Amino acid sequence: MTRSKIVVLTTGGTIASQLDASGRNRSGALKGETLLAQVSLPSDFTAQVEVRSLLQKPSNAITFEDLLGLREACLDIDAQDDVLGIVITHGTDTLEETAYFLDITLPVGKPVVLTGSQRAPHEPGTDAFCNIADALKVAASSQAAGLGPLVVFNQSIFAARQVRKVSTFQVHGFAAPDTGPLGYVDGAQVRLSAIPQRPAGTPLPIESAMPRVDILPAYLGASPSLIEAAVASGAVGLVIEGLGRGHVPPDWMQAIANVTARGIPVMVVSSCASGPVHASYEFIGSLASLESAGVMPVTDLSARKARLALSTLLASTGAQPLAERVKLLAA
């Protein structure tokens, strides 16, 4: 059977917003069919577009259950012989998290492309329809096959692992601070000049409910009681958003050692927009001292993505110890 169809899964967000009586935007108010009816495609775009409204909510309300449902929908669609690729429209607040979750849990197959908008469809200068059109072009391109989930925004193409939201309102709302984009969309043309490296530990199976993992930001004067409070209230894993190269206040070290001694996994990433953690220093609270307390460094993930990685790892099994599986995923 000839592949001739792009399936669009809509989940809500600004891109599906409608003005309400308050004068503000109600995210997710528009159904997918209404949204796609306003998208203009090049005359030589021949793929059939099938739309499915999966969710209608702002992306701050996306849950683990929603992620698992979206993953199942992608797996089902990927198995259909007549499908070229998948486009997912999504609110921008958590778009990068959904993209990364799919990146580590879906097998490499047909293109999966996520997009959204910074301006609602009814607003002047909206980027909603051009972003959807560009995402459809990328999903239909043979160049995108085998790259894992991609994010298309403001004519740029990003790998799910590196992409981050960088503006609250400007149309260039996403970037990849460490690596830059993989390519771009110029009119009807899709141009890719880089291929993302996929970690050896993927895709991860999901064999149980995804457990709660909390993010703890380190900052000047941050209380170590935050660590014990997170665990006492039900977190089964922690991600520390460390200072600089992966550091925490000195008085955090005892609380962290107490937690890791109880078998609770702890990761550390950098709060910086660019650059990995690295054991460059020797002082109390440095990455070197964190590692000696059993904390696992993650080189180039944001705290939000590392949280998803740890929760997904805890919901799956493997022959290797967790620390080794983290290394594979973070390589």
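Predicted model: local features only at pLDDT ≥ 70, side-chain atom pairs only at ≥ 80, totals over all residues.
Helices H2 and H3 pack at an angle of about 55 degrees. Ser117 sits in a loop between strand S6 and helix H4. Gly237 belongs to strand S14.

**Packing of H2 and H3**

- Two packed helices are described by the angle between their axes and the distance between the axes.
- H2 spans residues 64–78, and H3 spans residues 95–105. Their axes are 10 Å apart, at an angle of about 55 degrees. That angle makes H2 oblique to H3.
- The H2–H3 crossing is right-handed.
- On the H2 side, the residues that meet H3 are Leu67, Leu68, Leu70 and Arg71. On the H3 side, they are Thr98, Phe101, Leu102 and Thr105.
- Sorted by class, this H2–H3 contact holds five nonpolar, two polar and one charged residues.

**Burial of H3**

- H3 is largely enclosed by the rest of the structure, because 11 of its 11 residues are buried.
- The buried set includes the charged-type names Glu96, Glu97 and Asp103. Leu95, Ala99, Tyr100 and Ile104 are also among the buried residues of H3.
- The H3 residues that meet H2 include Thr98 and Phe101, and both are buried. Leu102 and Thr105 also meet H2 and are likewise buried.

**Ser117**

- The loop that holds Ser117 runs between S6 (112–115) and H4 (128–139).
- Ser117 counts as buried because its relative accessibility is 1%, and the cut-off for buried is under 20%.
- Beyond residues up to four places away in sequence, Ser117 touches Thr14, Ile15, Thr92, Asp127, Ala128, Asn131 and Phe153.
- Another goes to the backbone oxygen of Arg119, at 2.9 Å.
- Ser117 and Gln143 are 26 residues apart in sequence. Their C-alpha atoms are 24 Å apart in space.

**Gly237**

- Strand S14 covers residues 237–242 and contains Gly237.
- Gly237 has 0% relative accessibility, so Gly237 counts as buried.
- Setting aside neighbours within four places in sequence, Gly237 is in contact with Arg212, Val213 and Asp214, and also with Ile264, Pro265 and Leu310.
- Gly237 and Ser142 are 95 residues apart along the chain. Their C-alpha atoms are separated by 39 Å.

Note on methods:
Residues numbered from 1 in each chain as written. Heavy atoms only, no water. Axes fitted to C-alpha atoms, helices over the stretch in contact; angles between N-to-C directions. Helix = DSSP H or I, 4+ residues; strand = E, 2+ residues; numbered from the N terminus. Parallel < 35°, antiparallel > 145°, perpendicular 65-115°, else oblique. Left-handed = near helix turned anticlockwise from the far one by under 90°. Contact = heavy atoms within 4.5 Å. Buried < 20%, exposed > 50% of the residue type's maximum accessible area, 1.4 Å probe, protein only. Polar contact = N/O pair within 3.5 Å; in protein donor to acceptor, adjacent residues only side chain to side chain.
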